[in-house]
Amino acid sequence: MRSAVFLAGLVLAGTSPLPVAAQRSGGTAAPPAVTRELRAAWIASVSHIDWPSRPGLSSEVQQDELRSILDSLARLGMNAAILQIRPAADALYASELEPWSVYLTGEQGRAPEPFYDPLAFAIEEARARGLELHAWFNPYRAWHPSGQGTPAATHISRTRPDLVRRYGRHLWLDPGEPEVQDHSVAVILDVVRRYDVDGVHIDDYFYPYRERDSAGALIDFPDDSSWARYRAGGGRLGRDDWRRDNVDRFVERLYREIKQEKAWVKFGVSPFGIWRPGHPPQIRGFDAFAEIYADARKWIEAGWVDYFAPQLYWAIGQREQSYPVLLRWWVGRNAHGRHIWPGNFTSRIESTSPPRWGATEILSQIRATRAERGATGNIHFSVKAITQNRNGIADSLATGAYGAPAAVPASRWLGPPPRARPALRAWGDHVEEGEVTVTFRPPDGDVVRRWVVRARYGNEWRLWLAPGHHRSATVPPLAGRVADEVAVSLLDRAGNEGPVARAPTGAR
């Protein structure tokens, strides 16, 4: 094919063809609307859960692994990847604020060899496949027991040990220290400024999940010094409320300062899926409000997020933690109309530890999400279950749940939609089997994340999505018929769609 993209099978430079399904719309002269649904997966670096698969891999092998993961997501009709780039006060990207991650090279502080910037690479490769790339940070974890060796000389546990607490087998930044808050915000804003990420993402690790000592007794988080300074300074909150307030202020500040830096960068939080037992009444289980001091209900009710991804890691039929019951409750807290994209424990498929699910559970959860008005997508933990095609989940997604293309839902509060139509030209090419060549160019000043390309065959339409850097496409014939008309629009960084440009092909 002569053009950059052939819409029966999306062709990207340096990769094998990636099949792209077409959305059908029949019996109307109006171009069909693009389906909106987040289809994302977490790519975890901690403990080598997903990527890199093991320490000490060469740069070339690391890059090949990540390309393969992103190829899989694109092939399955998914549209976003959430990549963990700060697992433990370290960096899977070039940073002057924190050392290179131990999970990248096997030695904290050592750069990849030969040198490359994994985050810049991930953004470029994701964008080429029409995928959003969200940068996933752990705000407070400073060392995980799966890390090899010892912290680098430039790690915060060495440079500012007064801000770090040993808790069980972990090192943890103390959320009660104002300088900890300043440092974590600075690290995240540094990435927002220097990289073209689509989103900033934090998960459920605020204060740590409680650990026990050798006698089995619960260990309290060792924040006596920061608590004493708070009280000496006139603080009046009780200790638990103070801890929750520390987290609340961090979440609100992070949202505000990301918007001040780049208004279009989405901020998402993925808290534990239960706010408190009894909410709603049938729910029992871990109390994140009391145990890890996460008042996640406040964050969604206050609108301090652009998307909210509660980790609903239980089966539909598990009454006391029921997936659809919890989802409906969280949707009901969404006073500001933000995105609700629940997290799914896809790695439970063929898990080595109970409960062990089949692919049908995840497929049923996707259907339950679609049935809940106000929820518009899913995030799978983790991508390994999909790339391994456990119990045929990847096949089922590709041919069923994700068989038709979908764009990430628009975040309209992040900016107005484009006002001008793209420049468009189309003509029938009868030499090459009835294909239609389409060229398009965005209006001056508009940044394109994806193109929506539609073609009409009589009264029937087909719709495809193409990466934003493309400027041409080849529309295939349908049952031997050349497309009569094409229609093209752009999706901007906030997912807003601009006006549709339409052009006849001149085919006879």
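## Loops, cores and helix contacts in a predicted model

His 469 is partly exposed, with a relative accessible area of 46%. The model in which this value was computed is a predicted one. His 469 belongs to the loop that runs between β19 (460-467) and β20 (472-475). When neighbours within four places in sequence are set aside, the residues in contact with His 469 are Arg 127 and Ala 128. Trp 451 stands 18 residues from His 469 along the chain, and the C-alpha atoms of the two are separated by 8.8 Å.

In soluble globular proteins, nonpolar side chains tend to be buried together. The largest nonpolar core of this model has 119 residues, and Phe 137 and Phe 267 are the members that touch the most others. Apart from residues up to four places away in sequence, Phe 137 touches Ile 85, Arg 86, Tyr 93, Val 187, Ile 188, Val 191, Val 200, His 201, Ile 202 and Asp 203.

Two packed helices are described by the angle between their axes and the distance between the axes. For helix α1 (residues 59-75) and helix α3 (residues 118-128), the axes come within 10 Å and cross at roughly 35 degrees. This crossing of α1 and α3 is right-handed. On the α1 side the contact is made by Gln 63, Leu 66, Arg 67 and Leu 70, and on the α3 side by Phe 121, Ala 122, Glu 125 and Ala 126. Sorted by class, the residues in the contact of α1 with α3 are five nonpolar, one polar and two charged.

A further helix pair is formed by α5 (residues 178-194) and α7 (residues 239-261), which pack at an angle of about 25 degrees with their axes 10 Å apart. Helices α5 and α7 are therefore roughly parallel to each other. Their crossing is right-handed. From α5, the residues Gln 181, Asp 182, Ser 184, Val 185, Ile 188, Leu 189, Val 192 and Arg 193 meet Asn 246, Phe 250, Arg 253, Leu 254, Glu 257, Ile 258 and Glu 261 of α7. The contact of α5 with α7 comprises seven nonpolar, three polar and five charged residues. Ile 188 of α5, one of the residues in this contact, is also among those touched by Phe 137.

Most residues other than glycine have a negative phi, and most peptide bonds are trans. His 279 and Pro 280 are joined by a cis peptide bond, for which omega is about -5 degrees. Pro 280 is placed in the loop between β11 (266-269) and α8 (288-291). A cis bond also leads from Phe 381 to Ser 382, with omega near -10 degrees; Ser 382 lies in the loop between β15 (377-380) and α12 (383-387).

Asn 391, a residue other than glycine, has a phi near 55 degrees and is found in the loop between α12 and α13 (393-401). With a relative accessibility of 42%, Asn 391 counts as partly exposed. Ala 479 is not a glycine either, and its phi is about 50 degrees. The loop that holds Ala 479 runs between β20 and β21 (485-491). Ala 479 has a relative accessible area of 85% and is exposed.

How values were computed
Residues are numbered from 1 along each chain as its sequence is written. This is a predicted model: local features need pLDDT of at least 70, side-chain atom pairs count only at pLDDT 80 or more; totals for chains, interfaces and linings use all residues. Side-chain values use heavy atoms; hydrogens and water are left out. A nonpolar core is a set of buried Ala, Val, Leu, Ile, Met, Phe, Trp, Tyr and Cys residues joined through side-chain atoms within 4.5 Å. Buried means under 20% relative accessible area, exposed over 50%, partly exposed in between (1.4 Å probe, protein chains only). Contact means heavy atoms within 4.5 Å. Axes are lines fitted to C-alpha atoms, for helices over the stretch in contact, and angles run from 0 to 180 degrees between N-to-C directions. Helices (H or I, at least four residues) and strands (E, at least two) are DSSP runs, numbered from the N terminus. A crossing is left-handed if the near helix is turned anticlockwise from the far one by less than a right angle, and right-handed if clockwise. Ala, Val, Leu, Ile, Met, Phe, Trp, Tyr, Cys and Pro count as nonpolar, Asp, Glu, Lys and Arg as charged, and the others, Gly among them, as polar. Angles under 35 degrees count as roughly parallel, over 145 as roughly antiparallel, 65 to 115 as roughly perpendicular and the rest as oblique.
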